[in-house]
Amino acid sequence: MDSAPPRTEGAERCLERERLLREWTRCGRRLAKLLDEHLAAVKRRKTNFTEFQEQIRLARTAEVEPCRKYYGHVNTHGCAFNG
Ligand SMILES: [Zn+2]
């Protein structure tokens with residue numbers, strides 16, 4: 001649910017777009033961190049592979065949502081690459 005009013009004019013920066021981008025970046029970082037931890041655990045032979053697979057799958061799924069939101073906003077709002 002997105003109730004932000006579309007009130008950005010012309011080439012002004014769109015705070016909503018920036019917010020969505022930050023959210024997306026945060027999810028991406030979390031996924032990268034999980035992959036790092038996975039790799040470290042594999043090296044120490046201390047991993048429950050199934051559990052990690054599941055965590056990574058969830059992190060990937062969680063990343064799809066902000067990605068879709070971001071592009072959804074940019075496409076309807078037309079604020080891409082304006083600031
Ligand atoms: Zn926008």
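Colleague: What is the handedness of the crossing of helix 1 and helix 2?
Modeller: In this predicted model, the axes of helix 1, residues 15-43, and helix 2, residues 49-77, come within 9 Å of each other. The crossing that helix 1 and helix 2 make is left-handed.

Colleague: How are helix 1 and helix 2 oriented, roughly parallel or roughly antiparallel?
Modeller: The axes of helix 1 and helix 2 cross at roughly 165°. Angles over 145 degrees are counted as roughly antiparallel, and therefore helix 1 is, relative to helix 2, roughly antiparallel.

Colleague: Which residues of helix 1 are buried, and against what do the buried residues pack?
Modeller: Burial calls for 20 or more other C-beta atoms within 10 Å, and in helix 1 Glu16, Arg17 and Leu20 are buried. As for their partner, the buried residues of helix 1 pack against helix 2.

Colleague: What percentage of the chain counts as buried?
Modeller: The secondary structure of the chain consists of two helices and zero strands. With the chain counted at 83 residues, the buried share is 8%.

Colleague: How far apart in space are Thr61 and Leu31, C-alpha to C-alpha?
Modeller: Thr61 is also part of helix 2, and with 10 C-beta neighbours inside 10 Å it counts as exposed. Thr61 and Leu31 are 30 residues apart in sequence, while their C-alpha to C-alpha distance is 10.0 Å.

Colleague: How far apart are the end C-alpha atoms of helix 1?
Modeller: Helix 1 has 29 residues, which at 1.5 Å a residue should span 42 Å. The separation of its end C-alpha atoms agrees with that expectation, being 42 Å.

Colleague: Which residue with a positive phi follows helix 2?
Modeller: Helix 2, with its 29 residues, reaches 42 Å from its first C-alpha to its last. Helix 1 is followed by Arg45, whose positive phi is near 50°. After helix 2, the residue with a positive phi, near 70°, is Gly78.

Terms used: Residues numbered from 1 in each chain as written. Predicted model: local features only at pLDDT ≥ 70, side-chain atom pairs only at ≥ 80, totals over all residues. Axes fitted to C-alpha atoms, helices over the stretch in contact; angles between N-to-C directions. Helix = DSSP H or I, 4+ residues; strand = E, 2+ residues; numbered from the N terminus. Parallel < 35°, antiparallel > 145°, perpendicular 65-115°, else oblique. Left-handed = near helix turned anticlockwise from the far one by under 90°. Expected span 1.5 Å × (residues − 1). Buried ≥ 20, exposed ≤ 12 C-beta atoms within 10 Å, placed from the backbone. Contact = placed C-beta atoms within 7 Å.
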